[in-house]
Amino acid sequence: MAKAKTANGKVRVVRRDGEAMRRLPQRAVGAFSRCHQEGRLNMRKAGVLLHPTSLPHGVIGDEVENFLDWMAQAGLTLWQMLPLTPPHADRSPYQAYSSFALNPALLPPAAAQVTPDADELADFERREAFWLEDYALFVALRQQHADRAWCDWPEALRHRDPEALQQARRAQAGTLARLKKEQFLLQRRWQLIRQQARAQGICLFGDVPIAVAYDSADVWARPQLFKLDADLQPTVVAGVPPDYFSREGQRWGNPHYNWELHQATDFAWWRQRMAAALRLFDLVRIDHFRGLQALWEIPAASPTAMEGRWVETPGRALLEALRQDFPAMPFVAEDLGLITPEVMQLRDDFGLAGLAVLQFGFDDSPDNPHRIGAQRPNCVVYTGTHDNNTSLGWFEELPAERQQQVLRQLPEEAGPMPWPLIVAALVSAADLAVVPLQDWLGLDGQHRMNVPGTCEGNWRWRFRAEQLDSILAGRIRRWLEQTGRLAPKER
């Protein structure tokens, strides 16, 4: 390895494979403060919600290092992101071609040209064979069939005839090798990022959707794990009933799990899935956690979610299995929406943190868990999430009288919106306070990430590198110090 200096005088170590890596500080990675301990978040932290596709170039290149440097300067010790899996054409991270693979679009072009060590690549392929073989073949076949969904492939491939699959592997050998190498380079790059984050005292907070896309390697490779008919079509699909985001509910279209078979196999697929997530992240959000108590089942022929019904699931047994593998239970329950006492009991029985979203906290209901001051310690509080408008955009859409009602409940000394909402999150009792980068930057509704129930124009927002300056970092750090959210070594 050779040493090189960057324009700002930092020392980097240049690897022989051409991928640059900053020399890590002398403090050992082993001294890194764990995000989760004995089922509870172990200190007050503050962080930022930012998906890597929202980085200036949308890839996990050197700009990640700059982002981590800025976080450390600001005192932010938690980076939360959306699922890193490869999305469909609509770019939604919650509809992916695989529950295990990483999104190839995140790989920097220079990193894609690197020649990996043959032994390292072979070790990776053996270690990840549970999903990698099927994923690579799925992508290769999809490309061969003009990007058509697997349910539209020839019958022999659709039904995974062994001879047809073997012929496809021989015919697609070169493509399969390229796709496996791509995943190896992505995983290696991410582990480098994880090392850099740990050296900065920053936890990585990931996200696992409860549902799986029908057009995915997961369903094609293991159709028996899902509720499909003899023609491999879903009999029921997932979604949610009418709620804050949609009067007709949301018909996601994902197939439902064959929970009986999952339970009969001791949740082997789920355990592999969570193990893969925790090789990437320190803490994992279980999206739509209420589905581990009951899921909204919609007849596949129904055009909306309104015709669905709640069907109980063996989530308690699944969480017991996960606790065997991960005794610290480094999971957060996304418990938004219609939450029943049974869902709260399941969350609390396993000591999982729930969520609070302050934008939801102004309906004048005394029982609203999102209202200002209602947060409990074992909780992650947000100004808003990726599904909300930015806090400034949300506030600007309120009638003038309602704006005044909101401001009367928020800290007066914080400055203009969205800072009053940000400070309310920071002063709350919640162990973790997470603010979307759009809110830290004070951006309006033109910069929101997603509008639920729509398919166009979502998941495309990116910030500009010059927006992360030392003035903003200093302002954030002062508020973290005042609210007790700086790491002890930095106070």
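A salt bridge is a side-chain nitrogen of Lys or Arg within 4 Å of a carboxyl oxygen of Asp or Glu. The model is predicted. A search of the whole structure finds 24 salt bridges.

Q: Why is the pair Glu 120 and Arg 188 called a salt bridge?
A: The N to O separation of their side chains is 4.0 Å. The cut-off is within 4 Å, so the pair qualifies. Glu 120 sits in helix H3 (residues 118-127), and Arg 188 in helix H7 (residues 173-199). The two are 68 residues apart, and the pair links distant parts of the chain.

Q: What makes Glu 120 partly exposed?
A: Its relative accessibility is 40%.

Q: What makes Arg 188 buried?
A: Its relative accessible area is 16%. Buried means under 20%, so Arg 188 counts as buried.

Q: How do you know that Arg 222 and Asp 134 meet in a salt bridge?
A: Their side chains come to 3.9 Å, N to O. That is within 4 Å, so the pair counts. Arg 222 lies in the loop between helix H8 (217-221) and strand S9 (236-240), while Asp 134 lies in helix H4 (residues 129-144). The pair therefore ties together parts that are 88 residues apart in sequence.

Q: Are Arg 222 and Asp 134 buried or exposed?
A: Arg 222 has a relative accessible area of 19%. Asp 134 has a relative accessibility of 13%. Buried means under 20%. Arg 222 is therefore buried, and Asp 134 is therefore buried.

Q: Why is the pair Glu 297 and Lys 227 called a salt bridge?
A: The N to O value is 2.6 Å. The limit is within 4 Å, so the pair passes. Glu 297 is in strand S12 (residues 294-299), and Lys 227 is in the loop between H8 and S9, 70 residues apart.

Q: Where do Glu 297 and Lys 227 fall, buried or partly exposed?
A: Glu 297 has 8% relative accessibility and is buried. Lys 227 has 30% and is partly exposed. The cut-off for buried is under 20%.

Q: Which residues do salt bridges with shared partners join into one network?
A: Asp 335, Arg 347, Asp 348 and Arg 376.

Q: What makes Gly 239 buried?
A: Gly 239 is in strand S9. Its relative accessible area is 1%. Buried means under 20%, so Gly 239 is buried. Leaving aside neighbours within four places in sequence, its contacts include Trp 252, His 288 and Trp 296.

Definitions and conventions. Residues numbered from 1 in each chain as written. Predicted model: local features only at pLDDT ≥ 70, side-chain atom pairs only at ≥ 80, totals over all residues. Heavy atoms only, no water. Helix = DSSP H or I, 4+ residues; strand = E, 2+ residues; numbered from the N terminus. Buried < 20%, exposed > 50% of the residue type's maximum accessible area, 1.4 Å probe, protein only. Contact = heavy atoms within 4.5 Å.
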